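Q: I would like to learn how to read a structure like this one. Please take me through the features one at a time.

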Amino acid sequence: NTYRPFNNVEEVCHAFSICFSADGRRILAGFPQCVRMFDLQRPGRQMEDWLLSTRKGKGQKGIIGALASSPFHAGVYAAGSYNR
């Protein structure tokens, strides 16, 4: 099975970081200013994009270079970026 992320102009792009969800049903991948989620039961494109920064500059900026899922709380993730 393959999981391919696409950017906003429909080009295949690469992730800078990845992690599995605590239940092992999803892959989360870090990209510039967003996290994309893939469902392991459904190969192909990402099923969700989580935008982490707004145009006004609020939120987490930069390349998401580290991701981790909480083993104690489902749906809770930590993301680290290469931001100044």
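Q: How many positive and negative side chains does the chain have, and how far apart do the centres of the two sets lie?
A: Lys and Arg count as positive and Asp and Glu as negative, while His and the chain ends are not counted. A charge is placed at NZ of Lys, CZ of Arg, CG of Asp or CD of Glu. Here there are 11 positive and 6 negative side chains, with the centres of the two sets 9 Å apart.

Q: What kind of model is this, and how are residues numbered?
A: This is a predicted model, in which local features need pLDDT of at least 70 and side-chain atom pairs count only at pLDDT 80 or more, whereas totals for chains, interfaces and linings use all residues. Residues are numbered from 1 along each chain as its sequence is written, and side-chain values use heavy atoms, with hydrogens and water left out.

Q: Which secondary structure elements does the chain have?
A: Helices (H or I, at least four residues) and strands (E, at least two) are DSSP runs, numbered from the N terminus. This chain has 0 helices and 8 strands, so its elements read β-β-β-β-β-β-β-β from the N terminus on.

Q: What does the radius of gyration say about the chain?
A: The radius is taken over C-alpha atoms, and the globule rule is 2.2 Å times the number of residues to the power 0.38. For 84 residues a compact globule would come near 12 Å, and the chain has 13 Å, which agrees. Along the principal axes, the C-alpha atoms fill a box of roughly 35 × 35 × 15 Å.

Q: How much of the chain is buried?
A: Buried means under 20% relative accessible area, exposed over 50%, and partly exposed in between (1.4 Å probe, protein chains only). Buried residues make up 25% of the 84 residues.

Q: Which residues form the largest nonpolar core?
A: A nonpolar core is a set of buried Ala, Val, Leu, Ile, Met, Phe, Trp, Tyr and Cys residues joined through side-chain atoms within 4.5 Å. The largest one has 6 residues: Cys19, Leu28, Val35, Met37, Ile64 and Leu67. Strand S4 (34-39) and strand S7 (64-69) each supply at least two residues of this core. A second, separate core of 5 residues includes Ile27, Ala29, Cys34 and Phe38.

Q: What is Val35 in contact with?
A: Contact means heavy atoms within 4.5 Å. Leaving aside neighbours within four places in sequence, the contacts of Val35 include Leu28, Ile64 and Leu67, as well as Glu48, Asp49 and Trp50.

Q: Is Ser21 buried or exposed?
A: Ser21, in the loop between S2 and S3, has a relative accessible area of 6%, so Ser21 is buried. Not counting residues up to four places away in sequence, Ser21 touches Arg26, Leu28, Ser69 and Tyr77.

Q: Which residue other than glycine has a phi near 60 degrees?
A: That is Gln33, where the value is positive. Gln33 lies in the loop between strand S3 (26-31) and S4, and is partly exposed, with a relative accessible area of 33%. Glu10 also has a positive phi, near 65 degrees, and lies in the loop between strand S1 (3-4) and strand S2 (17-20).

Q: Where does Ile63 lie?
A: Ile63 lies in the loop between strand S6 (48-51) and S7. At 28% relative accessibility, Ile63 counts as partly exposed. The C-alpha atoms of Ile63 and Gln33 are separated by 5.9 Å, although the two are 30 residues apart along the chain.
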